[in-house]
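Biologist: Could you walk me through this structure slowly? I am new to reading such models.

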Amino acid sequence: MKTKITELFDIQHPIIQGGMHFVGFAELVAAVSNAGGLGIITGLTQKTPADLAKEISRCDDMTDKPFGVNLTFLPAFTDPPYAEYIQAIIDGGVKIVETAGRSPEAYMPLLKDAGIKVIHKCTSVRHALKAERIGCDAVSVDGFECGGHPGEDDIPNLILLPRAAQELSIPFVASGGLATGAQLVAVLALGADGINMGTRFMATREAPIHDNVKQALINASELDTRLIMRPIRNTERVLANTAVDRILAKEKALGDQLKIDDIIDEVAGVYPKVMIDGEMEVGAWSCGMVAGLIDDIPSVESLINGIMQEAESIIGERLAGL
Ligand SMILES: Cc1cc2nc3c(=O)[nH]c(=O)nc-3n(C[C@H](O)[C@H](O)[C@H](O)COP(=O)(O)O)c2cc1C
C-alpha cells in the first residue's frame, strides 16, 4: 500500500509506532522498522543526549530501515536540553523526528537545516494547522481515545480526522484507539494517510517491557482507562489501578485547588518501576481505550502483516463487493 506517508518516510506500510516513555527503546523501534513500519525511539527516556546517541547507534545496528526519534515538549519544572538532544539526533544520522506536546516552533530551523522530516503529534485541528504553518512535513492527529495526553478538547477520531482532512494540506496519520486493519481502512476513508499506534505495540513480543504490563493490557477492557490531571490541564489517559484511584480521590477532594505536588508520588518516576520492574500498582501510566481490542502478544511483524492483510482484504473484497 502506497500513501503520502509511506512516500514521505520511505517505508513499506503506513504504520508508525509513536514515542512511548520507557517503551520506545531500540528493540521495539527496530522491530517495527524491520517489519516495514516506522519505529520511533523515545528521546527523553534517555537521561542525557549522550545516552540518546548510544540508543540511536544501538538501533542502527539492529535495522537498515528508516526510524525516528520522538521529542516531547511537555510542561516540566526545568526544560531538558532539547538543542543537545537534537544535535544527538543529527549526529546519529536520524532523518525523522516526531515532536509532541508544546509546539516545536523554536527548534524547527535546527531540524529543517539538518534535512530532518518532522511529524508533529497533536490533538486539535488548530494545533495541526499551526504545525503546518511552521513547516512540519506531516502531523499525527491524536483523538480523545488515545493513550497518553489527549489534550483538553475531547474530540474523538470519528470527528477529528474528517475535520483535519477539511483543513490540512500536509499529510496526516490517525492516532489513538487503533489496532486493526479494519480501523486502518476506516481512517484512510476519513482522509488519513496512515496510522500511529502506541498501546497496541506494547503488547508485542519485542516490546522490551515487563510481562505484567502486557498481561494487564490483555486483561483490560475498553472501560478500564481513566483521565487524570484534568484540573491542572495536563490530562492523561491511564490504565485504572489503585494509585489512579488515589489520584482521582484527591482530584475530587481538591477540585481546582489541585497542584501537581498533591499527586507527585503517583505520577513522577513511575515508568521504570512499571515498565521494567512490572510493579503494576505503583503509579499512573499511559494506556489507551484500545486495550479493549488487545487480546494477544504477537511479534511486531505478525501484528503489522495482520493489519495490512486485513486492510487489503476489506478494500479488495468487502468494500469492492458492496
Ligand atoms: C505507555 C505510553 C507512553 C507514552 N509516552 C509518550 C511520550 O513520551 N511522548 C509522546 O509523544 N507520546 C507518548 N505516548 C503516546 C503515543 O505515542 C501515542 O500517541 C498514543 O499511544 C496513541 O494512542 P493509542 O495508545 O490509543 O494507540 C505514550 C503512550 C503510551 C501508551
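This is a predicted model: local features need pLDDT of at least 70, side-chain atom pairs count only at pLDDT 80 or more; totals for chains, interfaces and linings use all residues.

Biologist: Which residues of helix H7 are buried?

Modeller: In H7, which covers residues 157-167, the buried ones are Asn-157, Leu-160, Leu-161 and Ala-164. A residue is buried if 20 or more other C-beta atoms lie within 10 Å of its own, exposed if 12 or fewer, and partly exposed in between, with C-beta atoms placed from the backbone. Helices (H or I, at least four residues) and strands (E, at least two) are DSSP runs, numbered from the N terminus.

Biologist: Where do they sit around the helix axis?

Modeller: Seen down the axis of H7, the buried residues fall within an arc of 95 degrees, so they line one face of the helix; the arc is that of the directions from the helix axis to the C-beta atoms.

Biologist: And what do the buried residues of H7 pack against?

Modeller: They pack against helix H6 (125-133), strand E6 (138-142), strand E7 (172-175) and helix H8 (181-189).

Biologist: Switching topic, how many residues surround the ligand?

Modeller: The ligand is surrounded by 29 residues, and the closest are Gly-18, Ala-100, Gly-147, Gly-198 and Gly-288. Here a residue is near a molecule if its C-beta atom, placed from the backbone, lies within 6 Å of it. Strand E3 (67-73), strand E8 (195-197) and helix H9 (199-202) each supply at least two residues of this shell.

Biologist: How covered is E3 itself?

Modeller: E3 is mostly covered, since 6 of its 7 residues are buried.

Biologist: Now Ala-203: is it buried or exposed?

Modeller: Ala-203, in the loop between H9 and helix H10 (211-219), is buried because 23 other C-beta atoms lie within 10 Å. Not counting residues up to four places away in sequence, Ala-203 touches Lys-214, Leu-217, Ile-218, Ile-294 and Ile-297, where contact puts the two C-beta atoms, placed from the backbone, within 7 Å.

Biologist: Last one, what is the phi of Asp-10?

Modeller: Its phi is near 60 degrees, a positive value in a residue other than glycine. Most residues other than glycine have a negative phi. Asp-10 is found in the loop between helix H1 (4-9) and strand E1 (15-17), and Asp-10 is exposed, with 12 other C-beta atoms within 10 Å.

Key:
Residues are numbered from 1 along each chain as its sequence is written.
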